[in-house]
Amino acid sequence: VKKILIDTDPGQDDAIAILLALASPELEVVGITTVAGNVPLPLTSRNARIICELAGRTDMPIFAGAAKPLQRELVTAEFVHGKSGLDGIELPEPQMRLREGHAVDFLVETLMRLEGITVCALGPLTNIALALQKEPRIAARIEQIVLMGGGCFEGGNITPAAEFNFFVDPQAAALVFAAGIPITMAPLDVTHQALTTRPRIAALRALGNRTGLACAAWMEFFERFDEEKYGQEGGPLHDPCVIAWLLKPELFTGRRCNVEIETSSDLTLGMSVVDWWGVTPRKQNALVLGGIDAEGYFKLITERLGALP
Ligand code: BDR
Ligand code: CA
């Protein structure tokens, strides 16, 4: 069983990623940390608790982290995720509490205590960067970071050059990519191939459990924005790619490359510059995913979520 920490800014697609992890016996989620991103921190922290309660996991340690990026003002994405960040279905207000203390302290403490932890990063990388600044020794102790963010050839979804998670906190992303930790990156190139088509949503609804119903409703809400925008059926289901890669890496193709993050240009702030063709001598610091078996991905999600309440 692989031990994972999930750092997240839920978000409908974050929610489905968390549920996929909770539903998978190969993974043990040792804690969830929240960060400001899709919506402000109080809402991402609320949403994380709603998701764990939906899965019947009121025991999960959830810690709130950074309310704003390292240097910039917070940029949010209510235009994609709705006002709550989790629009699409009414779920009960969470009863479980956040744990006392800051997510960054929990990350440092857990990573110093436990060996071989995989960090799954589903939002802006602020908490992870702060943890690395606070205790640089965690870099050598983290087994790997698997993250959703950036783009290779795909361009951006918040500016022409940048993907949302990296754009919100480019300084944090740059710091994480420079830390010497093994990284697997699921960029927009992959997630834009993983579309929530109607039959895929219908399969989730047909599970008949409350998790399937909620995920179908979230996907329906979440897709509307992208469907209009990109003129295709369904929207990209980004964050569960992180968990799916851990469960079934054979669903993906990719390549080890150097990745650098732009932190200063106004035009391309937050852009991930991926040396896909190896045209520089810069060090390969990430496995960049490029392809996905989308049918297999949705099949995995649907099968696993059937095991939850
Ligand atoms: C990423 O940004 C958020 O909107 C999603 O949750 C995902 O993590 C996609 O760019
Ligand atoms: Ca996210």
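Gly 11 lies in the loop between E1 and H1, where helices (H or I, at least four residues) and strands (E, at least two) are DSSP runs numbered from the N terminus. The peptide bond that leads from Pro 10 to Gly 11 is cis, with omega near 0°. The model is a predicted one, in which local features need pLDDT of at least 70 and side-chain atom pairs count only at pLDDT 80 or more, while totals for chains, interfaces and linings use all residues. Residues are numbered from 1 along each chain as its sequence is written, and chains are lettered from A and ligands numbered from 1 in the order in which they are written.

Gly 11 is also one of the residues that come nearest to ligand 1, together with Asp 13, Glu 163, Phe 164 and His 238, out of the 15 residues around this ligand (a residue is near a molecule if its C-beta atom, placed from the backbone, lies within 6 Å of it). Helix H1 (12-22) and helix H7 (164-168) are the elements that give two or more residues to this shell.

Strand E1 (residues 2-8) runs parallel to strand E4 (residues 117-121), to which four bridges join it, and the bridge partner of Ile 4 in E4 is Thr 118. Both strands belong to an open sheet of eight strands with mixed pairing, in the order E3-E2-E1-E4-E5-E6-E10-E7, two strands being paired if DSSP finds at least two bridges between them. At the edges of the sheet stand strand E3 (62-64) and strand E7 (252-257), each of which pairs on one side only.
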